[in-house]
Amino acid sequence: MDIQNAQLEVDNWIKNHGVRYFNELTNMAQLTEEVGEVARIIARRYGEQSEKESDKNKDLGEELADVVFVVLCLANQTGINLQEAFDKKLDLKTNRDHDRHQNNEKLK
């Protein structure tokens, strides 16, 4: 599924199951919470902190999907075509960063 269709799916879900979008500030707080859950898993599973027994069954993919869902909500409610914005950003990064990363000794 491309990003544009994902935005439509989220919008349909909100209309059929969610009553309405939470306001933008609430969704921003929700996004922060979801990113924090991703950070907790990454820090404990891949970082130096030990993973608590209660965290071992947490699904990183599910938490990342939560982040994507809220980002799509924010894009929808602020009128952003995220597919267009992402394609534009990828083109910009490709043109700007290709040589920079190829010539970065730290990455070799």
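Here is a chat about the salt bridges and helix packing in this predicted model.

Biologist: What makes Asp55 and Arg40 a salt bridge?

Modeller: Their closest N and O atoms are 2.9 Å apart, and the cut-off is within 4 Å for a Lys or Arg side-chain nitrogen and an Asp or Glu carboxyl oxygen. So the pair counts as a salt bridge. A search of the whole structure turns up 10 salt bridges.

Biologist: Why do you say that the pair of Asp55 and Arg40 ties parts together?

Modeller: Look at where the partners sit: Arg40 is in helix 2, while Asp55 is in the loop between helix 2 (24–45) and helix 3 (60–77), so the link joins parts 15 residues apart in sequence.

Biologist: How do you know whether Asp55 is buried or exposed?

Modeller: Buried means under 20% relative accessible area, and Asp55 has 6%, so Asp55 is buried. Arg40 comes out at 31%. That falls between the 20% and 50% limits, so Arg40 is called partly exposed.

Biologist: Which residues are joined with them into one network?

Modeller: Let me take another pair before that. Arg100 also has a salt bridge, with Asp97, at 3.1 Å between the closest N and O atoms. Both residues lie in helix 4 (residues 82–102), 3 residues apart, which is about one turn of the helix. As for the network, salt bridges with shared partners join Arg40, Arg44, Asp55 and Lys58.

Biologist: Why is Arg100 called exposed?

Modeller: Exposed means over 50%, and Arg100 has a relative accessible area of 52%, so the word applies. Asp97, at 4%, is under the 20% limit and therefore buried.

Biologist: What makes Arg96 and Asp97 a salt bridge?

Modeller: The closest N and O atoms of Arg96 and Asp97 are 2.8 Å apart, and the limit is within 4 Å.

Biologist: How do you know how helix 2 and helix 3 run relative to each other?

Modeller: Use the angle again: about 160°, with the axes 9 Å apart. The limit for roughly antiparallel is over 145 degrees, and helix 2 and helix 3 are therefore roughly antiparallel to each other. Here helix 2 passes helix 3 in a left-handed crossing.

Biologist: What residues are in the contact of helix 2 with helix 3?

Modeller: Among them are Met28, Leu31 and Val35 of helix 2 and Leu64, Val67 and Val71 of helix 3. The residues of this contact divide into 13 nonpolar, 3 polar and 6 charged.

Biologist: And why is Glu33 called partly exposed?

Modeller: Glu33, which is in helix 2, has 44% relative accessibility, so it falls between the 20% and 50% limits and counts as partly exposed. Glu33 is 33 residues from Asp66 in sequence, with 9.8 Å between their C-alpha atoms.

How values were computed
Residues numbered from 1 in each chain as written. Predicted model: local features only at pLDDT ≥ 70, side-chain atom pairs only at ≥ 80, totals over all residues. Heavy atoms only, no water. Helix = DSSP H or I, 4+ residues; strand = E, 2+ residues; numbered from the N terminus. Buried < 20%, exposed > 50% of the residue type's maximum accessible area, 1.4 Å probe, protein only. Axes fitted to C-alpha atoms, helices over the stretch in contact; angles between N-to-C directions. Parallel < 35°, antiparallel > 145°, perpendicular 65-115°, else oblique. Left-handed = near helix turned anticlockwise from the far one by under 90°. Contact = heavy atoms within 4.5 Å. Nonpolar A, V, L, I, M, F, W, Y, C, P; charged D, E, K, R; others polar.
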